[in-house]
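Look at the aromatic rings in the structure below. The report describes how they are placed relative to one another.

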Amino acid sequence: MDYTQNFSGLANDYTIGRPAYSNKLIDSLYSQYGFTEESVIADIGSGTGKLAKQLLDRGSFVYCIEPNDDMRKIALEELGRYKNFHAVDGTATETKLDQKSVDYITTAQAFHWFDISSFKEECKRVLRNNGSVFLIWNMRDMSSEINQCSFEIYSGYCPDFKGFGGGIQKDDIRIKQFFEDKYEYIEFDNPLFYDKNKFISRSLSGSYSLKNGDENYSEYLDALSDLFEKYSKDNVLTIANKTVAYIGTVD
């Protein structure tokens, strides 16, 4: 299955609606997991560069590996001013990077699209000795009523919806297989705050989302609008969310 075009036409909504990752996670990468401004990082499935920007702000060199032309174009516009940013038209299994060329691999909101065994082999190829892989997601807190209600809307209107985070569950079997059950899990609160425009854009940025012209598209937008009006306060919708990361090696 070719996942690389799933976000074609969604780059603008992705840029507007998708959040960054917890600053506490980024702090921990640099204080506890060896990242420095000298690090060379491959951010695979980098999209429009949400995570990459946070790493570039710390001075690290980041290869942004992204196969989708629309997403990579936005990343070039957003991150082109960083001297340590380098965009690559590559995939999780063919990064086009040299052998043993990076210190760390990150992949944010993307691992669930990959062929796990092929991705693992590519990680082994491009990572330097003792290099680690960081599988990162923003995940909704499903104990929250707003997230339960939005889950019902997506499930009811979007046939391709598999759950938040691409259906990844905590300690998902795919993660266990990738790391052979040897990994560390960390999480940090990362609540999301949306005005109505950003909330709609966030919803439309999902690969599963209905698109303009699809059956029931207008009703879908109405349901999202009603959800915003019901749960927002002073035109701001707060969504319970956390940034999670799974950390391990692939040697």
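Rings of Phe, Tyr and Trp (its six-membered ring) pair if their centres lie within 6.5 Å; planes under 30 degrees apart count as stacked, over 60 as edge-to-face and the rest as tilted. This is a predicted model, in which local features need pLDDT of at least 70, side-chain atom pairs count only at pLDDT 80 or more, and totals for chains, interfaces and linings use all residues. Residues are numbered from 1 along each chain as its sequence is written, and side-chain values use heavy atoms, with hydrogens and water left out.

The structure holds 27 aromatic pairs. Y104 and F134 form an edge-to-face pair, because their ring centres are 6.0 Å apart and their planes stand at 70°. Y104 belongs to strand β4 (residues 102-108) and F134 to strand β5 (residues 127-140), so the pair ties together parts that are 30 residues apart in sequence. Strands (E, at least two residues) and helices (H or I, at least four) are DSSP runs, numbered from the N terminus. Both Y104 and F134 are buried, where buried means under 20% relative accessible area, exposed over 50%, and partly exposed in between (1.4 Å probe, protein chains only).

F199 and F228 make a tilted pair, 6.2 Å centre to centre with 35° between the planes. F199 lies in helix α8 (residues 196-204) and F228 in helix α9 (residues 217-231), so this pair joins parts that are 29 residues apart in sequence. F199 is buried at 1% relative accessible area, and F228 is buried at 2%.

Charges also sit over rings, meaning that NZ of Lys or CZ of Arg is within 6 Å of the ring centre and within 35 degrees of the ring normal.

| Charged residue | Ring | Distance from ring centre |
|---|---|---|
| R140 | F164 | 4.5 Å |
| K170 | Y185 | 4.2 Å |

Y185 is also in a cluster linked by ring pairs, whose members include W137 and Y246.
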